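Here is a short briefing for a first look at the model below. Please keep the sequence and the 3D view open as you read.

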Amino acid sequence: MSGDALRLAEVEQTAVRFAARHIEPVAAEADHADPAFPTEVFARGLEAGFDRFILPESAGGHGFAPPELCALVAALARTCAGHAAVFGIHAAIVAAIHEAGGDNKATILEQVFSSGRPFAAVIPEPLSPTEFETEVTVDGSLRANGRAGLAINVAPGGFVVAFAKNEKGAPLAFVAQAGQDGVACGPAEFALGLRAMPLAELSFANLALPANQIIAAGDAATAFYHALLRYVALVVSAAAVGSMHAARKQALSYMAQRYQGGQMIIDHSHLRNIFGAMTAAEVAAEGAVARAAERADLFTALGGKVFVTDAAARLAADAVQLLGGYGYMRDYGLEKRMRDAAVLALLPISNPRAELLLAALEKETLS
Amino acid sequence: MTDFLDVEISKRGLREMAPRLKVLAEYAPDYVRELEDWQRKAREYGDRFVRPKALEIDAKCRRDPRYFDWDLIRRGMPYGFLSMSIPKSAGGAGGFTTVTAIVMEELCAACSGVANVFGAHGLGLSGILLGMDFYHVDRSLCEVAAAEKRGEPVIFAAAITEPLAGSDVEDAGYLRTAKLMTEAKPVPGGYLLNGRKVFISNGSVARYSSVIAPLDRSRPLETMSAFLVREGDKGFSIGRVEEKMGMKACHAAELVFEDCFVPRENIIGREGDGMRGVETVLGASRGPVGAIATGIARGAFERLVDFTLRKKTGGRRLFDQQWVQIKLADMARRIHLARQAYLDGCMSFDFTGVPKLMKQTAARMLDLMPSSLRRNSLVTRTMRSDFMHRTTMRMMDEQLNPDDLHHIQQYSSGAKITGSDTAMDVAYEALQIVGLEASLHRHELEKIYRDAKLTQIYEGTNQLNRHNVFINLFPREAGHVG
């Protein structure tokens, strides 16, 4: 086994042990209860170093690269895609700030790390390869106003990355803290899936933005936006692959135990077709994630996420189908996988929007 | 939540939604008018009462799966949905499966969970209707219709699925090897029912459950029979009420039978008629399930159109953007085809299946006979006699064309598959067009996505239904092979 493979295996084992100990006991309840950020689990993740997992050692991190981050998130997602997303989204924002943030990036990251709180983000919809939509405006005295939209991974007292435009339409990326004056964060909302990772409406009213809260401005803000899209697409794809694996294994186990028409379900050739297609989809999705993790470009990450999350949604629905009535019931956990997968397909932007952006990005290369 | 859907398609009448009915209105205006009346009633109940409460009920059932909104069901009583398929002589409206299907599409566009209460009720009593068992028509079904007029819901359930046998109990070919747990042992004066049924829609709220069980588990095909069990019967209890992903307003419950005595008169039809009954009932019900799914898809489509009309990106409404327009067009096309598929299934059943017998002179005379007269003990004995049973079976064999019966199975299974796949695809696509906001409970689309999945599973999985299409397409050649 090569060094890279060994490292990946080690990361995966760490994540599996962590998930068994800290996520498995609470995952079903977190999915069922009113939405709330999993503060305890996140705190245990900090102890394990998940918060600064992907940062270089020179920046105070553990020096892992995107392939290891994907291995971590995928392994966590085998237990719960929602909890995996909590760590994945946080790590993605950390990585994007480190990679594309401006002069304040070290200060911002240090402030977040020392607080023990997670990152949330409001990810705007792209309008073109160089422009995104936001209702938040900043005036000349750097005060932000307007509805930011739906924030992902929201925690009490947590930090949130948001985007704004000034009077001339120039973009700005900044960080704010829930509870800060001028930040209005709605209650965590009940959602289809990924319920461990709360969603809440965020808006700003005369929010003062000191220089140390600015992540990037102008073209650098657009570059940061792209980096954020890329890293979130990557971790979402990884979570989808982990969830696919778990759903497929669960379906297999059921198919090998349950009989229909006098034979095991897995011995019905039509159902083998369905299951085989699930296997093929998982293999292809793994490949797409591995390639996107190796190549540091938005195009591959976003293209991969469209394929992987659509495949994951289909696979989870097929897994439910293979269990029949049991698959539809909460006890078996597959209905949660189906709901989680559908939400993964909406992050960081929905798949048709990602397709629009991919085509526009490619068009740019022609000129 | 969407307060009011000002979407053109949600206002269309039946003739615009299904062009065949515009043509048919020329030849059978009363028939089409009857369907239109039912559509109007279902749309009114759906819009006024169901849609505004759909999210609230879904949320309450998440916290407590035993929550059941009796008040909402009571509000449906003036519309007559519980008795729409009960014969007129028993106080109902005498509608067949096309009526049920049209009502289901409308109600499901509002909330498929609530609609399923009425749909599962229809399934529960259809064994009595399609078996032409006037003994029970004049008793339990009369009770349903009379109570409905007083504003009191009396609900039926159909108990077919078992813990180790789902699709196996719904297919004669698979039944021989089914791992059945439930059995009805003949005893003096009736039967002792033992075993469990699971995932029974309406199971925990039904006054009557039609329970399918063999008299001898080693010969299920030959001895499968149907029994009417009343709530509170000794030895009958409700087990767990499942926590389902969607359609939460309609309970899925476990029914437990422990030496539950069923008096002889509470058998539906005759001993051994059960599997024939199940296949007839499912042939009748899969078309309406296609309608349920079509309604779910339409509900998603209507909410999506409403959203795209209000939501702007880049200064333009989503509705005005080409990529959205093409997706909306494709959804509308698929919903239209799903509707045609369920109309094929239901109309072929109504005109060439068992309901055709009800238009025969003998059946019409029976139906015209006042229910009170049919309850006379002499008439009752005659109607339940071997002679009458043989006569009915002979009438079925003579009047029902085997090819027609195969076609009904193909069309109804096809409608169920077409509708449910459409519902899932449309609901998923709607989430994608709206984006992350669609995942929020208050936007309704996420509930529709959860609801839609059940239509691919119940009334036989889509895989079983595909096989059913095949074996009825090639009835002589087809067998049950892996």
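The points below cover domains, the chain contact, the core, a sheet and some local features.

This is a predicted model: local features need pLDDT of at least 70, side-chain atom pairs count only at pLDDT 80 or more, and totals for chains, interfaces and linings use all residues. Residues are numbered from 1 along each chain as its sequence is written, while chains are lettered from A and ligands numbered from 1 in the order in which they are written.

**Domains of chain A**

- Chain A is divided into domain 1 (3-115), domain 2 (119-221) and domain 3 (222-366). Domain bounds come from an automatic or database domain assignment.
- The centres of domain 2 and domain 3 of chain A, taken over C-alpha atoms, are 29 Å apart.
- Between these two domains of chain A, 21 residues of domain 2 are in contact with 19 residues of domain 3. Two residues are in contact if their C-beta atoms, placed from the backbone, lie within 7 Å.
- On the side of domain 2 of chain A that touches domain 3 of chain A, two or more residues each come from strand S2 (126-128), strand S7 (171-177), strand S10 (214-217) and H6 of chain A. Helices (H or I, at least four residues) and strands (E, at least two) are DSSP runs, numbered from the N terminus.
- H6(A) gives the most to that side of domain 2 of chain A, with three residues.
- By class, that side of domain 2 of chain A has 16 nonpolar, three polar and two charged residues. Ala, Val, Leu, Ile, Met, Phe, Trp, Tyr, Cys and Pro count as nonpolar, Asp, Glu, Lys and Arg as charged, and the others, Gly among them, as polar.

**Domains of chain B**

- The domain assignment of chain B gives domain 1 (8-155 + 276-473) and domain 2 (156-270).
- Taken over C-alpha atoms, the centres of these two domains of chain B are separated by 23 Å.
- Here 41 residues of domain 1 of chain B are in contact with 34 residues of domain 2 of chain B.
- Helix H3 (29-63), H6, H7, helix H10 (274-310) and H18 of chain B each give two or more residues to the side of domain 1 of chain B that touches domain 2 of chain B.
- H6(B) gives the most to that side of domain 1 of chain B, with twelve residues.
- That side of domain 1 of chain B divides into 18 nonpolar, 13 polar and ten charged residues.

**Where the chains meet**

- The contact takes 43 residues from chain A and 37 residues from chain B.
- Helix H17 (402-434) and helix H18 (445-454) of chain B each supply at least two residues of the side of chain B that touches chain A.
- That side of chain B has 13 nonpolar, 15 polar and nine charged residues.

**The nonpolar core**

- The largest nonpolar core has 293 residues, and A:Ala121, A:Ala151 and B:Phe227 are among those that touch the most other members. Such a core is a set of buried Ala, Val, Leu, Ile, Met, Phe, Trp, Tyr and Cys residues joined through C-beta atoms within 7 Å.
- Helix H6 (residues 219-257) of chain A gives the largest share of this core, 21 residues.
- Leaving aside neighbours within four places in sequence, A:Ala121 has contacts that include A:Ile89, A:Ala151 and A:Leu228.

**A sheet in chain B**

- Four strands of chain B form an open sheet in the order S2-S3-S7-S6, with antiparallel pairing. Two strands pair if DSSP finds at least two bridges between them.
- Strand S2 (183-187) and strand S6 (236-241) of chain B stand at the edges with a single partner strand each, so one side of each is left without a neighbour in the sheet.
- Four bridges join S6(B) to strand S7 (residues 252-263) of chain B, and B:Ile238 has B:Leu255 as its bridge partner in S7(B).

**Local features**

- B:Ser204 lies in the loop between strand S3 (190-201) and strand S4 (208-214) of chain B.
- B:Ser204 is buried, with 21 other C-beta atoms within 10 Å. A residue is buried if 20 or more other C-beta atoms lie within 10 Å of its own, exposed if 12 or fewer, and partly exposed in between; C-beta atoms are placed from the backbone.
- A:Leu194 has a positive phi of about 50 degrees although it is not a glycine, and A:Leu194 is buried.
- The peptide bond from A:Leu347 to A:Pro348 is cis, with omega near -10 degrees.
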